[in-house]
Amino acid sequence: MADGPTINTIAERAGVSIASVSRVLNGLPTRQETVRKVMAAADELGYVRNAVARSLKSRRTHQVAFAMADVGNPAYLAMLRQIQPVLKAAGYRLVLHSTDAVVADEIDVLHSLGERYVDGLIMSPLRVTEAHLEMLAAARTPVVIIGQVPEGTRVDNVRADSRTGVRLAIDHLYALGRRRIAMVNGPLDTVPGAARGAAYREALLDLGLSYDENLVQIGDFYRAEGGRAVAELLARVPDVDALMCANDLIALGALDVLRAAGRRVPEDVAVVGMDDTDLAAASWPSLTSVSLGSAERGKAAAELLLERLRGGDREPRLITVPPELVIRASTAGELSKPGGPAAGYEHRTDEGGKA
């Protein structure tokens, strides 16, 4: 690259030393502000780094992977929108894996870390098996898990508090006078399905309501599957007056089915989702939902991974993001009327707890 920009010209443009430029381009620990200056100068000058040579020399790829169950799920997109800029500012590219929650695919991603195709991994598995735990224990590349892992697992972990989130939703529905509160859940062999199902049962019992298995329907965490599950539930127990849905996609499927059946929301049936995705505010009626801090979890995971990549030698950290209940028209009756103040209406309550 004799006729093009060099580390000398990059250093001059960035206003830093040649040694600092070399450290950044070789992936060595450097102040984030210096990384930003050097990468900006390199882009302005059109400097093209030889990624293969750099990787062989420094044993770094400057790539990080993010593996999630479904890249089309708005909750994961919210995480991605926070992960990407944090890593980009530090000079890392992001590689995406959409695993469809297939355990074998997730194990393959963990196994491939040994090939050093990335410098680190952020993973959000729906199921955590013994195979996951064995691969995590053997990983020589930093890994951060978004989701719940067994106590004592030595990995950086960012998790939601969905148990408290479900309780916030059930308390809200109870305060509105709803007593036939049904639960539409995802698979119980998943971490969120198990946690949210147990939390639903506990919340009912704490309020003095009996737990009725007929009011529980298991489906999957997708809109179409959620709709089918709600249709089966209503055929069995048509007198339900509220639906606690395990995520927003299930809740949107519920709204589709209720609308087709001529059931008014929330006058006949109140509906609550979880995740508070962009779709919740855009639906009709707008959807009351429990925010589990997807964006906050994504940002926290990226920051934890960067600490490791910069040589941080510390005990694994656990970060729990507290939930918020966002009340919209699907539970607040007067807000669902055409011309009413539903648009943009949100009442947030901050309460947290342990996952």
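Mentor: Contact means heavy atoms within 4.5 Å. The model discussed here is predicted.

Trainee: Which residues does Ile122 touch, not counting residues up to four places away in sequence?

Mentor: Ile122 is among the residues with the most contacts inside the largest nonpolar core, which has 78 residues. Helix α11 (residues 248-260) supplies the largest share of this core, eight residues. Once residues up to four places away in sequence are set aside, the residues touched by Ile122 are Ala65, Phe66, Ala67, Ile83, Val144, Ile146, Ala301, Ala302 and Leu305.

Trainee: Is His97 buried, partly exposed or exposed?

Mentor: His97 is found in strand β2 (residues 93-98). Buried means under 20% relative accessible area, and exposed means over 50%. His97 has 22% relative accessibility, and therefore counts as partly exposed.

Trainee: What is the length of the polar contact that joins the side chains of His97 and Tyr117?

Mentor: Beyond its neighbours within four places in sequence, His97 is in contact with several residues, including Val109 and Tyr117. For the side chains of His97 and Tyr117, the polar contact is 2.8 Å.

Trainee: How many charged residues are in the lining of the largest pocket?

Mentor: The largest pocket holds about 440 Å³ of space, and 18 residues line it. Elements α7 (130-138) and α13 (294-309) each give two or more residues to this lining. By class, the lining has eight nonpolar and two polar residues, and the number of charged residues is eight.

Terms used
Residues numbered from 1 in each chain as written. Predicted model: local features only at pLDDT ≥ 70, side-chain atom pairs only at ≥ 80, totals over all residues. Heavy atoms only, no water. Core = buried A, V, L, I, M, F, W, Y, C linked by side-chain atoms within 4.5 Å. Buried < 20%, exposed > 50% of the residue type's maximum accessible area, 1.4 Å probe, protein only. Helix = DSSP H or I, 4+ residues; strand = E, 2+ residues; numbered from the N terminus. 1 Å grid on protein atoms, 1.4 Å probe; cavity = no way out; pocket = protein on both sides within 12 Å on 5 of 7 lines; lining within 4 Å. Points joined across faces, edges and corners; volume = space filled by probe spheres on them. Nonpolar A, V, L, I, M, F, W, Y, C, P; charged D, E, K, R; others polar. Polar contact = N/O pair within 3.5 Å; in protein donor to acceptor, adjacent residues only side chain to side chain.
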